[in-house]
Amino acid sequence: MKKIEAIIKPFKLDEVREALSEVGVTGLTVTEVKGFGRQKGHTELYRGAEYVVDFLPKIKLEIVVPDNVVDTAIEAIIKAARTGKIGDGKIFVSSVEQIVRIRTGETNEAAI
């Protein structure tokens with residue numbers, strides 16, 4: 001089992017969720033986060049004063065999938081989240097050793 005964490009632009013959330021649903025991903029966790037990479041923030045004008053926005057709003061998706069679904073899920077995220085402009089985001093994949101569903105006690109694949 002793998003955990004996929006994807007950092008995407010906020011306005012792409014619905015498209016990514018639909019794309020993941022189409023490939024069979026049934027559950028995900030969404031968190032509003034802030035950060036920066038190569039973008040390094042930007043400057044904005046507010047009431048005539050210029051100020052620097054260091055951290056940009058992003059969405060972090062977390063999903064856990066069986067090993068055989070990882071590549072399909074990653075491709076779905078990339079296709080749905082890509083704008084072709086800087087700041088599209090990143091995807092991180094890590095191994096998951098154990099899952100336990102609290103309500104039923106099911107473990108691992110049965111608990112996904």
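Reader: What makes K3 part of a strand, and which strand is it?

Author: K3 lies in strand β1, residues 2–8. Strands here are DSSP runs of E with at least two residues, helices are runs of H or I with at least four, and both are numbered from the N terminus. This is a predicted model, in which local features need pLDDT of at least 70 and side-chain atom pairs count only at pLDDT 80 or more, while totals for chains, interfaces and linings use all residues. Residues are numbered from 1 along each chain as its sequence is written, and side-chain values use heavy atoms, with hydrogens and water left out.

Reader: Why is K3 called partly exposed?

Author: Its relative accessibility is 26%. Buried means under 20% relative accessible area and exposed over 50%, with partly exposed in between (1.4 Å probe, protein chains only); K3 therefore counts as partly exposed.

Reader: How do you know that the side chains of K3 and E62 make a polar contact?

Author: The distance is 2.9 Å. A polar contact is a pair of N or O atoms within 3.5 Å; within protein, one must be able to donate a hydrogen and the other to accept it, and residues adjacent in sequence count only if both atoms are side-chain atoms. The K3–E62 pair therefore qualifies. Leaving aside neighbours within four places in sequence, K3 is also in contact (heavy atoms within 4.5 Å) with other residues, including I63, V64 and F92.

Reader: What makes β2 and β5 a pair?

Author: Two strands pair if DSSP finds at least two bridges between them. β2 and β5 (residues 56–65) are joined by 7 bridges, so they pair, and they run antiparallel. The open sheet has 4 strands in the order β2-β5-β1-β6, with antiparallel pairing. Its edge strands are β2 (29–35) and β6 (90–95), each of which pairs on one side only.

Reader: Which strands does helix α1 touch?

Author: Helix α1 (residues 13–22) packs on the sheet and touches β1, β2 and β5.

Reader: What makes a set of residues a nonpolar core, and which members touch the most others?

Author: A nonpolar core is a set of buried Ala, Val, Leu, Ile, Met, Phe, Trp, Tyr and Cys residues joined through side-chain atoms within 4.5 Å. The largest one has 19 residues, of which I4, I8, V16, L20, I63 and V65 touch the most other members. β1, α1, β5 and α2 each supply at least two residues of this core, and α2 gives the largest share, 7 residues.

Conventions. Axes fitted to C-alpha atoms, helices over the stretch in contact; angles between N-to-C directions.
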